[in-house]
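Here is a short briefing on one protein chain.

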Amino acid sequence: MTDKRVDDTSPVLAVGVSGTVGRHVGLQLAAAGVRVRTPAQRELLDPATLEAAAQGVDAVLLGWPFPTADGAAEAVGVLARNVGRVVFLSSAAVRAEGEVEVEALLAGSGVRHTVLRAYGFATALQWAEDIRSGAAVQGYGGAAGLNPVDERDIAAVAVRALSEDGHDGARYLLTGPESPTQAEQVRIIGEAAGRPAHWEEIPREAARHRMLTTGRPPAIADGALDFVHARIADPEPATTTVQDLTGTPARSFRAWATDHAALFR
């Protein structure tokens, strides 16, 4: 792989990605002297506004935060006409229709692109309120072995793919170095924060009801629960992709919990 970097005078566009990953990408690119534009997610669905945001941009970090593919063809078309490369942050676990369609559209667009597939982010903030209050963390599949990847490691791989040649057409599977169960993750956070924290198993239907009340479509909720159920007997595997691409081992979930312990106190 060569180490040909993007033109430092050209900004990188980061659109549709989560705030945590986008923020770390911005910090790491800024340290290398590269500016980042971060338009609002809704601009993905407005071709004219997206086209304006893409002017003068060399590379794009793209996420698709919507459950369906509505508007994806237009968005990918705009980016393919205006930028040199696209790095798409997708999922390796439960994949929404929109993510699947965006990958297919990128493959057919002719634009240079790379896909980053993460099993899940280590940002376990959905449990923060319960842990801070001393309540049990209730959920389904506490024995499921999951392999969340630290958002800083996702960002480090994204920066490589955005700023180096040699990644065109790659589909990178990103994980942490181990697969702690959900119950173990809660315990690890409690230990890092110095607070008692434990998992309380609830029935699948109760977990599904909770997901639906937060606005998740039934198909996404069912897919997520199916995925968690499968991981009870078959924990997520670990990959070495982060180390292979960055030269630094992926951070463990315990390292993430230690670094973010204040959020749970």
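Among contacts in the protein chain (heavy atoms within 4.5 Å) between residues at least 6 apart in sequence, 83% join residues at least 24 apart. This is a predicted model: local features need pLDDT of at least 70, side-chain atom pairs count only at pLDDT 80 or more, and totals for chains, interfaces and linings use all residues. Residues are numbered from 1 along each chain as its sequence is written, and side-chain values use heavy atoms, with hydrogens and water left out.

**Overall fold**
- The protein chain has 11 helices and eight strands. These are DSSP runs, numbered from the N terminus: helices are H or I with at least four residues, strands are E with at least two.
- The radius of gyration is 19 Å, close to the 18 Å that the globule rule gives for 265 residues, so the protein chain is as compact as a globular protein of that length. The radius is taken over C-alpha atoms, and the rule is 2.2 Å times the number of residues to the power 0.38.
- Along the principal axes, the C-alpha atoms fill a box of roughly 50 × 35 × 30 Å.

- Of the 265 residues, 48% count as buried. Buried means under 20% relative accessible area, exposed over 50%, and partly exposed in between (1.4 Å probe, protein chains only).
- The accessible surface of the protein chain is about 11700 Å² (Shrake-Rupley method, 1.4 Å probe). Carbon and sulfur atoms hold 52% of that surface.

**Strand 5 and its partners**
- Strand 5 covers residues 112-118, and five of its seven residues are buried.
- Strand 4 (residues 85-91) runs parallel to strand 5, joined by seven bridges. Two strands pair if DSSP finds at least two bridges between them.
- Thr-114 in strand 5 is the bridge partner of Val-87.
- Strand 7 (residues 171-174) also runs parallel to strand 5, with four bridges.
- Arg-171 in strand 7 is the bridge partner of Val-115.

**Two buried residues**
- Ser-91 lies in strand 4. Its relative accessible area is 11%, so Ser-91 is buried.
- Beyond its neighbours within four places in sequence, Ser-91 is in contact with Glu-99, Arg-117 and Ala-118.
- Asp-150 sits in the loop between strand 6 (137-139) and helix 6 (151-163). Its relative accessible area is 1%, so Asp-150 is buried.
- Not counting residues up to four places away in sequence, Asp-150 touches Ala-122, Arg-251 and Trp-256.
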